[in-house]
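Subject: Structure handover and findings

Hello,

Here is the structure for your files. Please open it alongside this note. The findings follow below.

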Amino acid sequence: MTRATLLTITAPTGPREAGSLDTRDAGFVLADFDAPQVRITDLSVTRGDGVFETVAVIAGHPQALEPHLARLAHSAELLDLPSPALDVWRAAVLAGVADYQQRNGGDGELFAKLIYSRGVEGTGAPSGWIFVDEGEDFSTARRGIRVVTLDRGYRHDVAETSPWLLQGAKTLSYAVNRAAQREAVRRGADDVIFVSSDGFALEGPTSNVILLSGNTVRTPQTDQGILAGTTQASVFEFFAARGFDTVYEEIGAAELTSADALWLVSSVRQAAPITALDGQTFPVDAALTDALNDFLLSRTT
């Protein structure tokens, strides 16, 4: 039997008061992870027409759950999807985590994945699922990753000039991101930093970029078609509490090579220090990175 917990969101949209896992009108139901659940004509399958979020769960606590829910709603708005019933989604995450722990025990690193689809073609009724499972072992990545830069093919202002390209939405259409990560492997690296066609640093396929330069910690500003990072916001909290300046700004791709340190940060992997960028070696402050990851992994909200 699969260890993972799966919940079908039966009322993914509209205002609704969520209840307990076994309440019939809670807006979600526990489902069999090993049984077929998605109709082949669901637009998440045929078109990748939907949005998602992945929430790290540490010691039973879904991390940054409210920012993740807010981002789910923002992505849905960008795709002209009905507003998700966030009370239902919130309660379903908590119920899914509780069910997983009740059946499997342990306080290891888990994740909850929220999937919100436009639904079966022609019905006009969105669909949704949440599943909770054990996360990957990211201990090696948290010690260091090799990264290459790849041209995303858009100008840095694409979100303003061409909003229909959905830059800044966390959509299910991840074929390009996956292709970029395979290209990184072909080049002998682990991950990617996308750069714009006019020379600005953007983000990773599944992460945000953090630069340390002296006493200033920077990340590319999100109006460049960048997905606002929930973990990145916590990283800024960590550094601000230690007296660093934190800045969102446009960052030229060439500025990456002059940084004192670089990280890619994301919800499940947390902070991965970059040891090499396009073949250039970067020093890793192991103590600082360990403290950063300890902080990220200790979040209870």
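First, a term: buried means under 20% relative accessible area, exposed means over 50%, and partly exposed is in between (1.4 Å probe, protein chains only). This is a predicted model, in which local features need pLDDT of at least 70, side-chain atom pairs count only at pLDDT 80 or more, and totals for chains, interfaces and linings use all residues. Residues are numbered from 1 along each chain as its sequence is written, and side-chain values use heavy atoms, with hydrogens and water left out.

Salt bridges

A salt bridge here is a side-chain nitrogen of Lys or Arg within 4 Å of a carboxyl oxygen of Asp or Glu. The whole structure has 14 of them. Helices (H or I, at least four residues) and strands (E, at least two) are DSSP runs, numbered from the N terminus.

Take Arg 269 and Asp 191. Their side chains form a salt bridge at 3.0 Å, N to O. Arg 269 sits in the loop between β12 and β13 (270–277) and Asp 191 in strand β8, so the pair ties together parts that are 78 residues apart in sequence. Asp 191 is buried at 1% relative accessibility. Arg 269 is buried too, at 11%.

Arg 146 is partly exposed at 40% relative accessibility. Asp 190 is partly exposed at 37%.

Asp 99 and Arg 103 make a salt bridge within a helix, at 3.0 Å, N to O. They are four residues apart in helix α3 (residues 86–104), which means a separation of about one helical turn. Asp 99 is buried, with a relative accessible area of 11%. Arg 103 is partly exposed, at 32%.

Aromatic pairs

Rings of Phe, Tyr and Trp (its six-membered ring) pair if their centres lie within 6.5 Å; planes under 30 degrees apart count as stacked, over 60 as edge-to-face and the rest as tilted. There are nine aromatic pairs in the structure. One of them is Phe 111 with Phe 131, edge-to-face, 5.8 Å centre to centre, with 80° between the planes. Phe 111 lies in strand β5 (residues 109–117) and Phe 131 in strand β6 (residues 127–134), so the pair ties together parts that are 20 residues apart in sequence. Both Phe 111 and Phe 131 are buried.

Phe 238 and Phe 295 form a tilted pair: 5.6 Å centre to centre, 50° between the planes. Phe 238 is in helix α6 (residues 230–241) and Phe 295 in helix α7 (residues 286–297), so the pair connects parts that are 57 residues apart in sequence. Phe 238 is buried at 0% relative accessibility. Phe 295 is partly exposed, at 25%.

Strands

Two strands pair if DSSP finds at least two bridges between them. An open sheet of six strands runs in the order β2-β1-β6-β5-β3-β4, with antiparallel pairing. β2 and β4 (61–62) stand at the edges with a single partner strand each, so one side of each has no neighbour in the sheet. Strand β1 (residues 5–9) is joined to β2 by four bridges. Thr 8 has Val 29 in β2 as its bridge partner.

Then look at β9 (residues 208–213), where five of six residues are buried. Five bridges join β9 to β12 (residues 261–266), running antiparallel. β9 also pairs with β10 (residues 216–220), antiparallel, over three bridges. Leu 212 stands opposite Ala 261 in β12, and its bridge partner in β10 is Val 217. β9 and β10 form a hairpin with two residues between them, and Gly 214 in the turn has a positive phi of about 65°.

Best regards
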